[in-house]
Amino acid sequence: MRVKLKAGPEQRTFIDRIEELSGENVFACYQCGRCSAGCPMASEMDLLPNQIIRLVQMGLLEDVLRSKTLFLCASCFTCESRCPKGIDMARVMEAVRHILDPKGKDAFGPGEISPELAKELPQQVMVALCRKFAK
Amino acid sequence: MKLHYYPGCTLKEKAVALDISTREAMKRLDVELVEPEGWTCCGAEYPLTEEKIVGLAAPIRVLRQVRDEGGEVLVTTCSFCFAVLKRANKALRDDPLKRKRINAFLRDDIQIDPLTKARTTDFEDYNGEVQVLHLLEYLRDRVGTPKIKSRLKRDLKGLAVAPYYGCRLLRPQEEMAFDEPDAPRVFEDFLEAVGCSAVDYAFKQECCGSYLSVSLPDAATEASYRVLRAAQMEGARAVTVTCPLCFYNMDSRQAAIKEKFLDFSGLPVLYFTQILAWALGVDREVLGLGEHAVPADSLFEEVPTTEVRT
Ligand code: SF4
Ligand code: SF4
């Protein structure tokens, strides 16, 4: 993939903000790919977890914010347990979701659960999903 | 002996089987479970960014109540409740700033006694005093295998059961401190203590798709299939879980799994407490087997109901 790198204040702010929110040092990542190798949702993702963190390092915020991957992460922490650098990718994903347009539409909100489905679902999943994907 | 127990919302609605079997089993181990008065939701998800700190208020409110009732230990069975309560508790123990902010937030709480209508508005700061334990840990560390064995009433004859840890019990290891994430033993040891044989298989700590089963059902169907199929290939007669969401993904959605994956022929899913209660002599009728989409009754028929000599 050919990318044009910019290193202006906007990029710097984006990277700093991700680090501040997630509490993770994104530059510790050396792209070994173990996070993506173990990720149960990798086959559904447009950008793999290691690609997300690489794009964050490069300050390519539009590409990261556009990715479907943010809403495919199940916060299962498999990547966290495997990363040799101790990075918790689930926290990086949550930080990126956090800075998505705050006035934008929910990626998934309570309105999307039909009454029939709500009758069948365990209560915890509705709370969890809205906590994760609604603003 | 009395022990504080947090069932969580799902156990009062969709996973009544987990709640009832837990109570019945613990009674037979001389433990009376008490719920914290007026408990509320735990929040289900531990907030993963530093600014969503308000997500800590719900679990800490529950823990503060346990402490105020004189409880030192709180046990849970649902993996989601367990993870949120345990992580929030650790966050308050370790981080003075979180402690200060959450306690400041919770100082506005008002509690009204449903009977006397008395109002409580004065709460002491909570600093992580309670110890949060999963029931599997409690059984291992506080009850112990010898006692469980001495109370067994049924011989399960080494029924091959695959323990499923899923995502929430083991990780992040530093915070959950539950067991070794890559080679856990606590579930296996539990199964062996109650007379089953624990099936070793590759996917026991993989993800079942979790909450994506609602937003992206196909991905969860596939993730759950991988777990069930791996267990079946190793000879499991059932998979056992601690979490109502794992149960939903692997049991309620099994029809969808079978439709998509023709090599899979179906496998019952059980709550670990149903197995425990059964082994301890609880009647089949109170195990909540009617909640299962994949019938599990036959597993509870074939074992003879004679007393086990110990
Ligand atoms: S496992 Fe860790 S170091 Fe390796 S690519 Fe993923 S985040 Fe980077
Ligand atoms: S936490 Fe998210 S990114 Fe990491 S392995 Fe699980 S689904 Fe993949």
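This is a predicted model: local features need pLDDT of at least 70, side-chain atom pairs count only at pLDDT 80 or more; totals for chains, interfaces and linings use all residues.
I started with Lys132(A), which makes a salt bridge to Glu45(B), with the closest N and O atoms 3.8 Å apart. My cut-off there is a side-chain nitrogen of Lys or Arg within 4 Å of a carboxyl oxygen of Asp or Glu. Between chain A and chain B I count five salt bridges.

Residues are numbered from 1 along each chain as its sequence is written, chains are lettered from A and ligands numbered from 1 in the order in which they are written, and side-chain values use heavy atoms, leaving out hydrogens and water.

Next, the A/B interface. I find 39 residues of chain A in contact with 41 of chain B (heavy atoms within 4.5 Å). The buried area is about 3,700 Å², with carbon and sulfur atoms giving 59% (accessible area, 1.4 Å probe, that two parts lose on being put together, summed over both). On the chain A side, Gln123(A), Gln124(A) and Arg131(A) lose the most area to chain B, together 18% of what that side buries.

Then I looked at the sheet in chain B. Its four strands run β2-β1-β3-β6, open and with parallel pairing (strands are DSSP E runs of at least two residues; a pair needs at least two bridges by DSSP). The edges are β2 (32-34) and β6 (131-134) of chain B. I see β3 (residues 73-76) of chain B pairing with β6(B) over four bridges, and Leu74(B) opposite Val132(B).
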